[in-house]
Amino acid sequence: MNDVYHTLTNRSSIRSYTDQPVSEAQLTQIIEAVQAAPTSINGQQVTVISVQDPVKKAKIAELAGNQAWIAQAPVFLLFCADFRRAQIAAELNGQELVITTGIESIVVGATDVGIALGSAMAMASSLGLGTVPIGGARRSPLALIELMELPKYVFPVSGLVVGHPADPTHKKHRLPQTAVWHRERYEQEPLPELIRQYDEEVSAYMRERTGGKESRNWSQTVSSFYNRIYYPEVRQMLEQQGFDFK
């Protein structure tokens, strides 16, 4: 198998890091990978803010739900959907920025960030670094916007912790390929049974990892999150930053 296949299929989320710093050269390569990623209309609707200051990382860890690895790791990257540059482009050409009045701008921005985030994680892994994405960047987004001084038309989508792994995490089981790869049409019929089988695998994995203390499966975890709006400030954040839902 080639190196890219190995890098991508052996990725795992790392939540324990050594004190070894991430070099400027490594950070530069990660950002180069981000910038090389495709974006809608080549609008390049992605901004990354790197944070290495210990005090600021500690505050971000708190805002993200007390995720200690944010403070522990040497680098935190905040990935933002960014239409501020598009606004400047519109002003330079005597145009009006209309895209942000519709939900398409949110979909475009989040998609571009997702592609960029994947590129950053792959590059970091290829350099021997560990990562874990941080959806908790949206947990207290108004406070994070203030802390990071984000202007209008920019909003945080996700964070990424980067550092040298102290204790590599075991790779988690994934849904069977037939649950996510459908041919010619969406195949609903097999899904319940595939999920039941997968739940058994995940439960066995959790029992093994916790010495029998926990047996939580995939569907229990997902349903416990999705039975509520778990980041309720997101809509207010988007409205504050100049986005609408038309």
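In the predicted model, Arg235 and Glu239 both belong to helix H11 and are separated by 4 residues, about one turn of the helix. The two side chains form a salt bridge in which the closest N and O atoms are 3.2 Å apart. Both partners are partly exposed: the relative accessible area is 44% for Glu239 and 49% for Arg235.

This pair belongs to a structure that holds 7 salt bridges. Side chains of opposite charge can pair when their charged atoms come close. Among the salt bridges is that of Asp82 with Arg85, whose closest N and O atoms are 3.2 Å apart. Asp82 has a relative accessible area of 8% and is therefore buried, whereas Arg85, at 39%, counts as partly exposed. A further salt bridge links Lys246 to Asp244, with a distance of 3.9 Å between the closest N and O atoms. Here Lys246 is exposed, with 69% relative accessibility, while Asp244 is partly exposed at 31%.

A nonpolar surface patch of about 340 Å² is formed by Phe225, Tyr226 and Tyr230. Of these residues, Tyr230 lies in the loop that connects helix H10 (218–225) with helix H11 (234–240). Tyr230 is partly exposed, its relative accessible area being 30%.

Helix packing was examined for H3 and H7. Two packed helices are described by the angle between their axes and the distance between the axes. The axes of helix H3 (residues 54–63) and helix H7 (residues 141–148) approach within 10 Å and cross at roughly 165°. Angles over 145 degrees count as roughly antiparallel, and H3 and H7 are therefore roughly antiparallel to each other. Their crossing is left-handed.

Definitions and conventions:
Residues numbered from 1 in each chain as written. Predicted model: local features only at pLDDT ≥ 70, side-chain atom pairs only at ≥ 80, totals over all residues. Heavy atoms only, no water. Patch = residues over 30% accessible without salt bridge, like charges linked within 9 Å, V, L, I, M, F, W, Y side chains within 5 Å. Areas by Shrake-Rupley, 256 points an atom, 1.4 Å probe, with all protein chains shown as cover. Salt bridge = Lys/Arg side-chain N within 4 Å of Asp/Glu carboxyl O. Helix = DSSP H or I, 4+ residues; strand = E, 2+ residues; numbered from the N terminus. Buried < 20%, exposed > 50% of the residue type's maximum accessible area, 1.4 Å probe, protein only. Axes fitted to C-alpha atoms, helices over the stretch in contact; angles between N-to-C directions. Parallel < 35°, antiparallel > 145°, perpendicular 65-115°, else oblique. Left-handed = near helix turned anticlockwise from the far one by under 90°.
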